[in-house]
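Thanks for opening this one with me. Please have a look at the picture and the chains before reading on.

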Amino acid sequence: MLFSLRQLKLLFEVAKFNALKMLAYPWELVAFFIQRFLGLLFLAIFWFAVSQSSTTLQSFHSLIAYFLVSSAVRDLTFSYELKFGREIQRMVKSGEITNYLIKPVPAIPFLFFAYAGQTWMSLIYSACALIAGIILLPPLSVINFIAFIMFLVLAFIVSISFNLFMAIISFYVVEAQGIRNMFNHVIRVLSGALIPLTLFPGTLRYFTLLSPFPLFAFTPTYVLQNTLPWNELGYLFAVSLGWAIGLFLIMSYLWRRALKQYEGIGI
Amino acid sequence: MKYRLQIIKTNIINTFQHETAYFAENWSNLLSTISYTLVLLLFLNVLYSNIKEFAGYNKDQMMFLVFIGQLGFFTGWGLFAENNYFLNEDIQTGKFDFILIKPVPSLFFVTFRWFPIVSMLRDSVPVILIIYFSVNWSALTFVASNIAWGIFIFICGQILWHAVRFLLVLPAFWFGNAKAVSSIAYALSETHNIPLEGYTQNLRILFTTVVPIIILAEVSGSVMLGKSNGPIMALWALLVTIAFIFIINVVWKYALRNYTSASS
């Protein structure tokens, strides 16, 4: 087994402890939901104005359903602004990560559960957004749901790999904020978080779908809201699986290498 | 006045030394902003490959609006956003005590303590140049008076954006932390790419009065392009700016009275 039952219990306790910490600032929680609501509101205003300008585009209704589900996917897969990677970057820069490396638990799962605990309100938001998106544009069959969950798992693996990559960089360059921002900008458009990839011109869309970025928003949403032919579904799955396995193996290897050259105080 | 200029000078030097400490960071930030611009241009190209006009703006006019929006973003956010972040941190950790005991006007100091000229130039110049050369200027028609009104509105909008960001940090005085509250400003900045004419009447009133965030780019851009009445919009922007400067001063004094410091 990957973790013993005792370790798993400990990890959930870590998540719970960090979740409770966030309750110390209740107004921050309110602000978080306002912030996310505003993000969606402006996206809705933007696409409402766009849909008013064209009759050939998707309907406003289906666009909103798309953005609700895709924003949920971004949070559920922890790809939203690669914040988990940012958290590790901060710890590496300040040397705080040493505290976690010397603990008799696997560092990455420990840090991840601590982070997931802190961001429980994102998970609540994403669950609400997902349900609203499904109500607005219900999937046509149970296959859509199964495909959605499968792609969500793959997206999660790819996202964690990207977050780890951000963390790995910080072992080599002290301040890696700029690199992370660069990835965030690229991910925002190429993942379909800002504009559905169905609106991309043919060739650009083809090459974008070959990259890992659409997994962070577009692909899971696309398979949930559309009935795809098996060959298209299989093709998307093969590309996504390839990225998930490839990136996970590469990042695991690079993480071990990065740790070897880490010079923390006391290590 | 001389004393205040001295404070600004000291803060500029301090910020410069801080900003040039991580050399690699400067390059990675440059890469980040260039990639942002390229992605933004890609977004607009994809959008306009599907539509001819967006809220009455053709592609050239939209590019101009993006130009104004980015100019506003880099000058305002570049110069003032970090100051608000530090203010929240200081209140949360109790370091704000050290500001209060300094022989400086506190509101002035927290507004201008961080002067990131290096990062502002580093981040803004390549982006502005790329967008500038992407705008088809010959396809746009400008009138000198509209440009003048537009610049005036742009300046008012800059002050107003700062006021909104600043007011969003002040709850930290009551709740100890306003990180998420102040992050609402990031969500509000998503308005930069929506033309004024794309908002409904009610939203226009809301975002030019109660939360005056679209005066900076959307209103000034619309006036410069001759789509809105310059003098009326300029008068409105001026009145709202005066009101918000007054509000900031009142709320600041009230917030200071509520500050209990970390040790008390």
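Here are a few numbered points to guide a first look.

1. A word on conventions: this is a predicted model, in which local features need pLDDT of at least 70, side-chain atom pairs count only at pLDDT 80 or more, and totals for chains, interfaces and linings use all residues. Residues are numbered from 1 along each chain as its sequence is written, while chains are lettered from A and ligands numbered from 1 in the order in which they are written.

2. How confident is the predictor? For the complex, it gives an ipTM of 0.76 and a pTM of 0.80. For chain B the mean is 86, and 95% of its residues reach 70 or more.

3. Confidence can also be read by element (helices are DSSP runs of H or I with at least four residues, strands runs of E with at least two, numbered from the N terminus). In chain B, the lowest mean belongs to helix α1 (residues 2-19), at 73, and the highest to α11(B), at 95.

4. Now to where the chains meet. The contact (C-beta atoms, placed from the backbone, within 7 Å) takes 35 residues from chain A and 38 residues from chain B. On the chain B side, α2 (23-50) and α9 (179-188) each supply at least two residues, and α2(B) gives the most, with 15 residues. By class, that side has 22 nonpolar, 12 polar and four charged residues (nonpolar: Ala, Val, Leu, Ile, Met, Phe, Trp, Tyr, Cys and Pro; charged: Asp, Glu, Lys and Arg; polar: the others, Gly among them).

5. Within chain B, do look at helix α7 (residues 144-169) and helix α11 (residues 215-224): their axes (lines fitted to C-alpha atoms over the stretch in contact, with angles from 0 to 180 degrees between N-to-C directions) come within 8 Å and cross at roughly 175°. That makes α7(B) roughly antiparallel to α11(B) (an angle over 145 degrees). Among the residues making this contact are Ile153(B) and Gly157(B) of α7(B) and Val219(B) of α11(B). The contact has 13 nonpolar, five polar and no charged residues.

6. Not counting residues up to four places away in sequence, Val219(B) touches Ile153(B), Gly157(B), Leu196(B), Thr208(B), Ile214(B), Ser228(B), Met233(B) and Ala237(B).

Key
Two residues are in contact if their C-beta atoms, placed from the backbone, lie within 7 Å. Angles under 35 degrees count as roughly parallel, over 145 as roughly antiparallel, 65 to 115 as roughly perpendicular and the rest as oblique. pLDDT is the predictor's confidence in each residue, from 0 to 100.
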